[in-house]
Amino acid sequence: MNILLIGAGQVGATIAKALYEEHDLTVVDADAAVLSELSFRLDVATVEGNGASRRVLQAAGIANADLVIAGTSRDEINIIASMFGRHLSNARTIVRVANIEYLEAWQERQIDVDFMVSSEVETAYAISRLIGVPAARQTDVFADGQVQIVEFDVPEGVSTRGIVGVPFRSAHIPADSKVAGIISGDRMTIPRGDDTISPGDRIVVIGSPASAKEWSRIFAEDLEQNVDDVVIYGAGRAGLAAARTLLEQEVRVRVIEGSYERASYVAELLPDVRVFHASGIDPDFLERERIGRARAAVFAMGDDRKNLYAATMARLHGAKFTIAVVDNTAAIDVLEAAGVDVAINPRSLTAEEIVRFAHDPRILQLAMLEGDRYEVLDITVRDDSEFVGKAFRDLPTNDSLIGAIIRDGNALFPHGDDMLLPGDRAIIFTESENVATVERSI
Amino acid sequence: MRRYIVRGVPLAAPRLGVDLLSSLNLVATLVKYLSIAFLLPMFVAVGVGDPFWPFLAAAVITLGAGLLVQTVTRNSDRVGIREGFLVVALLWLLLPAFGALPYFFVGEGSLSRPLDAYFESVSGFTATGATIVTDFGDLSTSLALWRQFTQWVGGMGILVLAIAVLPRLRVGGRYLLHSELAGPTELERFTVSIRDAARRLWVLYVALTGIAILVLSIFGWTGLDPAMDVYEAASHAFTSIALGGFSTQATSAGAFGSATQWALIGFMAIAGINFLRLYQAMVQRRPSVVGRDQEIRLYVLLLLLGSGLLLAELVGTGVEAGEEAVRDAVFQAVSIMTTAGFSNADYAAWGSLAALTLLALMFVGATAGSTGGSIKVLRHLLMGKLLRREIEQAVHREAVIPIRLSGAAVNERMLRSVAGYIVLYVAILAIGSIALVIESRRGGIDVQAFEAIGAAAAALGNVGPAFGFAGPLGSYAPFSDVSKGILIALMWLGRLEILPVLVLLTRTYWRA
């Protein structure tokens, strides 16, 4: 595969390192020194220049690329580069952004790229996973939000709860939802009765928003037992994204921010978060607000030394679980040696996520649910369909799955006894080779 | 002291920081347009056979004075916020002065003395509704109509219309419109152009008045209320939509049947709602904005609470019962809280719970952005939230807690001004009441402490009737001239929401 990688910073270098052996890689960066250093270490072609320049991208051979990865630290350059990628080639595009607004716009299909990764959101998901409330990655929405397609990470060491490790035919799947796919490593399957979900898998669920919540609860550890909340030090972009993600998982969040302006901004943005304007390293403050009783403390102040100091002090005040978001890769070892439970690097998370998708195009297609392997079809049932009037349990299940039907504008999640009626809109998850068959049948 | 030299020319002594001439020019322009307002009572006078010359003379004098000042001053586009303070302050002193001319020219009855005429006119233009008139038989049909009309002109009429139509106010109009839509409002979010906003508000104001006239007239035509006719309908529509409270009748709304009284309750309650919200609800057909507005919800709650307390007093003391008790309680609560000031019964004769409730309602006011006066529900609401935050921050000292209004965060500067305003309001009220007591004792007039506070609150809140001899069926005539002067000042301060006047009293305002 021809891959054009824009940006050779920490993220770009990590991606390049993971991909250069199997693929033909061309790296574009404005900094000649960084490029030459990279080309000594890895066997990649390099082009010096601005990634948002059409001329530079053409010189880098964008026309022949199969995949364009825009991974600079600047959102707008990445988006412009992907735009050129769309127009100058047939390549798939992966874009790295920091601004969550772009991510939302992409999810609503207002930015035309195949996959978008936000370091902040990846960090937030990682924190969420670590704390034991894995976040749902929403990939698509149908019927005005009544039907969602959501991905979940199945945490390691999660208890069974009638689902994990249990064959599907006897598993207690939450009402109004269906498991449409299981991603295990780089393999993806549409589950049958004998299949099971294993810890470490990622699963794709089609269901109602309420069932999506229920799924998160299944994968969350027993919240009731460790009731308390999560304290986030630093309300920068990473801290804010983490606060948002945790709030969505119904975790109480407290934020400590040193800048009054930023603290006010976040307090106005997130009404459910208690925001403190404090340095976080005042023992009186920690004592007064019982910071040590929090279930976990996240240090995202954007400065490894400050994070280390604050985390150490929080531990002295009783914080049981500390997570630091590091800026410098070298800081990971330092922080963990000093007693921080987990140190995470947003840039390596981003690179990992991009590499994961670059490795297996099928997963990439799943993320957008379009392409040539899996598709989500939104089909209106014809009067003369052979499926009309049959109970769902009697329908053929060859590699396709009816996740939901929209009847009179309302979403229904069919059970075995329900029947398909003419005029229903069926949301069908299927392998692409079956599209024609499915369409003919319905 | 160091002198600053600019191109070799030493700067002169500190220059005036306010463009005085431009301000006067603008005031003169606005005063000039008041002359058009005299046409209405003049036509009525011709129609019913009253002498029409007092209105004609007033119109000519007003127009002449306006034109004269306009020619000796100059028109410049430099009317900014700074000039705005001066313009509104002068305007609400001068408009009533010219508006008082007809009372003075007619020269009969209780309004013939210049001070009394001016008092009545200030009470009119500020939409207060406090009256000097003791014998309503003295008022000719046309003069009574003028008196009603001044409240409508002052309520939202003249300044909003001017902003809507005068091209020169495209510059300073924003401040003026802010000063007109009393209380802190979210004008910025309403529409981009201030001219457009003014135009819409004006249309809404006229439309509401038209509807009120129509409804009351229908009561007259259908015989539902025999005392009502088109003249009375217009008179009371003017003063209810403007939340003024003047009536053509000595017994105010009590002269009309229960249907009219219920209709007036409705008009007052609607006029007490933020006009920006009313516009969104009625014209843009988004009625849910009214229901979602926290201030409006509290407004309705307080109206119900006030009505409930009055009803409890009326029924509890056995003064009234049945529909009459409900109607009187609701009418009086709505009328006093919205600062209209109509009355349909002599509440002065009710018990002390009623008196205290009504006094308390005088401090509430309608919603911000309405035509009403007093502190306004929004300020009470924000003050409440501010206090709640103080309590919370006593425990969590470092907590940053934004104050939200209907979901959106309110900026801290506005909160400070709200807290300041309430303190200021109470301070001025206290000074006013004490001054009234001192002055009345000097003049040998019997004014009790409660009555003094009531009169001061009714004047500062632009409510109108108070207690004692200044009660709903009484008149402010017994007050001494100095007391009337104090009350005029209070009405003026209340209409301007105090701050512009205090700004004028500072040195920094006048310095360059």
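In which loop of chain B does Arg285(B) lie?

Author: This is a predicted model. Arg285(B) sits in the loop between helix 13 (275–282) and helix 14 (288–292) of chain B. Its backbone is worth a look. Arg285(B) is not a glycine, yet its phi is positive, about 55°. The residue is exposed, with a relative accessible area of 69%. The cut-off for exposed is over 50%, so Arg285(B) qualifies at 69%.

The surroundings are another matter. Ser252(B) has 6% relative accessibility and counts as buried. Buried means under 20%, so 6% puts Ser252(B) in that class.

Chain A has positive phi values too. Asp408(A) has a positive phi near 50°. Asp408(A) belongs to the hairpin of strand 19 and strand 20 of chain A, with two residues between the strands.

Take helix 5 next. It covers residues 100–107 of chain A, and its buried residues are Ile100(A), Leu103(A), Ala105(A) and Trp106(A). An α-helix has 3.6 residues a turn, so residues three or four places apart point the same way. At the start of helix 5, a side-chain oxygen of Asn99(A) comes within 2.9 Å of the backbone nitrogen of Glu101(A).

Now the hairpin strands. Strand 19 of chain A spans residues 400–407, and seven of its eight residues are buried, so the rest of the structure largely encloses it. Strand 20 (residues 410–412) of chain A runs antiparallel to strand 19, joined to it by three bridges. Within this pairing, Ile405(A) stands opposite Leu412(A) of strand 20.

Strand 8 (residues 147–153) of chain A holds Phe152(A). Phe152(A) is buried, at 0% relative accessible area.

Chain A gives 16 residues and chain B gives 11. The buried area between them is about 1,100 Å², with 47% from carbon and sulfur atoms. On the chain A side, Glu268(A), Arg274(A) and Arg288(A) supply 45% of the area that chain A buries against chain B, more than any other three residues.

Polar links cross this interface. Eight residue pairs are in polar contact between chain A and chain B. Helix 9 (260–269), strand 14 (274–277) and helix 10 (283–288) are the elements that give two or more residues to the chain A side. Helix 9 has the largest share, six residues. By type, the chain A side has 10 nonpolar, two polar and four charged residues.

Two salt bridges are found across the interface. In one of them, Glu398(B) joins Arg288(A), with the closest N and O atoms 2.2 Å apart.

Strand 14 of chain A pairs with strand 3 (residues 399–400) of chain B in the antiparallel sense, over two bridges. There, Phe276(A) stands opposite Ala399(B).

Note on methods. Residues numbered from 1 in each chain as written. Chains lettered and ligands numbered in written order. Predicted model: local features only at pLDDT ≥ 70, side-chain atom pairs only at ≥ 80, totals over all residues. Heavy atoms only, no water. Contact = heavy atoms within 4.5 Å. Buried area = accessible area lost by both parts, 1.4 Å probe. Salt bridge = Lys/Arg side-chain N within 4 Å of Asp/Glu carboxyl O. Polar contact = N/O pair within 3.5 Å; in protein donor to acceptor, adjacent residues only side chain to side chain. Helix = DSSP H or I, 4+ residues; strand = E, 2+ residues; numbered from the N terminus. Nonpolar A, V, L, I, M, F, W, Y, C, P; charged D, E, K, R; others polar. Pairing = 2+ DSSP bridges. Buried < 20%, exposed > 50% of the residue type's maximum accessible area, 1.4 Å probe, protein only.
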